[in-house]
Amino acid sequence: MSDLSAIVKAYDVRGTVPGQWDERAAEALGAAFAQLLRTSGEQRDTVVIAHDMRASSPGLAAAFADGIRAEGLGVLDVGLGSTDLLYYASGSLDLPGAMFTASHNPAAYNGIKMCRAGARPIGQDTGLAELRDRAQALLDKAESRPVEEPRPPLHRRDLLPEYAAHLRTLVDLSGIRPLKVVIDAGNGMGGHTVPAVLGAAVLPALPLDIVPLYFELDGSFPNHEANPLDPANLVDLQAAVTRHGADLGIAFDGDADRCFVVDERGEPVSPSAITALVAVRELAKHPGATIIHNLITSSAVAEIVREHGGKPVRSRVGHSFIKADMARTNAAFGGEHSAHYYFRDFWFADTGMLAAMHLLAALGEQDGPLSDLARAYQRYAASGEINSTVPDQRAKLADVRLAYPEAETDELDGLTMRFPDGAWINLRPSNTEPLLRLNVEAPTPERMAALRDDVLGLVRR
């Protein structure tokens, strides 16, 4: 019997298949999703679903669809897609949706990202906990449930051309200078969407010479995990950029809703720098707009947003929080340290592809290399996220707080401490593991390293 509390996380469903969940659990989750939509007043008679290239995804998606239809709602199956293609479907068709993917997790995992009509997020506090309890109750019942006959229809539709055409309307790349771009899809869904959006498979060719790495869809990830957040998974991209003399490299994660960037030297460009760069472009279109950034992004993001007339707003880490803040403030754009990028023009949803297009446009509109362009948006030294196993998280947070009486503190998400010289730390407990996650930033690499090591000494003592 599946224990859904182990796989229903703060923002989505995620667990091993068949170890932690299977098609029976997927069917119960589908039925519970339909029930949740009905009881929360969602006036839609159809749910749109998509799935990634993992071997378990088609079966789980089909079972989920059976659960939805058993509860009296129809299903529109758009087949293979990236997560942002599912958000496009939900937004453009104004339908609730479900995407079957485990994103950057290893091959044994799968999951579901769900949204209400218009790509509005569903998280632990906005229906996911209720959905979990409903689905668990269905699983715990020994008897079979009555099924509405005849069931509502299941339709199939290919939305890839429409998704690609929509993105092309948001960023015009037709007039940029020619660029050579290495793109590592990691055998994930970028291999499906990149040829349609940036290549000539669907739409007229762009002035891009794309060098593909691992575009073959393969959920066993035979080359490397589709998790560009791990530097080990960028090695092939970095080598290919220098070998081909490319202008830049882009890596997508498994469901292609995030993009990571390396410059012409193969050096990583921080997601904070990409956030600031895209924010400047969005502010040029929407003067004075609000820009959301989570509290782990560089201080440079808020500084640059203010310098360009925008209003920066800090958010908690996690897509359901940042999407809610974007909707509340009608923000034009939002960015996270994890390379999720959110756009008002894309139903406040995250899309790595659109962020990549903004970067290509910015680079292609000037003559210098990406390293020069990015330098203007990288003002501080950052540690990246460092995890420590800590059984008593509360006690360690208290130790760190007491160690720095000179710092200003807040608890928007974990413990953030800001120092008079502009350095800051954030220490956040994991939602699911006995971990504390540390991020440090400072004006110089030396100050960052010293502060990082000092805090880690307290945490790991």
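The model is a predicted one, where local features need pLDDT of at least 70 and side-chain atom pairs pLDDT 80 or more, while totals for chains, interfaces and linings use all residues. Residues are numbered from 1 along each chain as its sequence is written, and side-chain values use heavy atoms, leaving out hydrogens and water.

## Overall build

The protein's radius of gyration is 22 Å, which agrees with the value near 23 Å that a compact globule of 461 residues would have (taken over C-alpha atoms; the rule is 2.2 Å times the number of residues to the power 0.38). Its C-alpha trace spans about 65 × 55 × 45 Å along the principal axes.

You'll find 14 helices and 23 strands here (DSSP runs: H or I of at least four residues for helices, E of at least two for strands).

## Three annotated stretches

An unreviewed UniProt entry lists residues 8–128, 162–266 and 274–380 as "domain: Alpha-D-phosphohexomutase alpha/beta/alpha"; such annotations may be inferred rather than shown by experiment.

Residues 162–266 are 26% helix and 20% strand, and their end C-alpha atoms lie 33 Å apart. For residues 274–380, the figures are 48% helix and 17% strand, with the end C-alpha atoms 14 Å apart.
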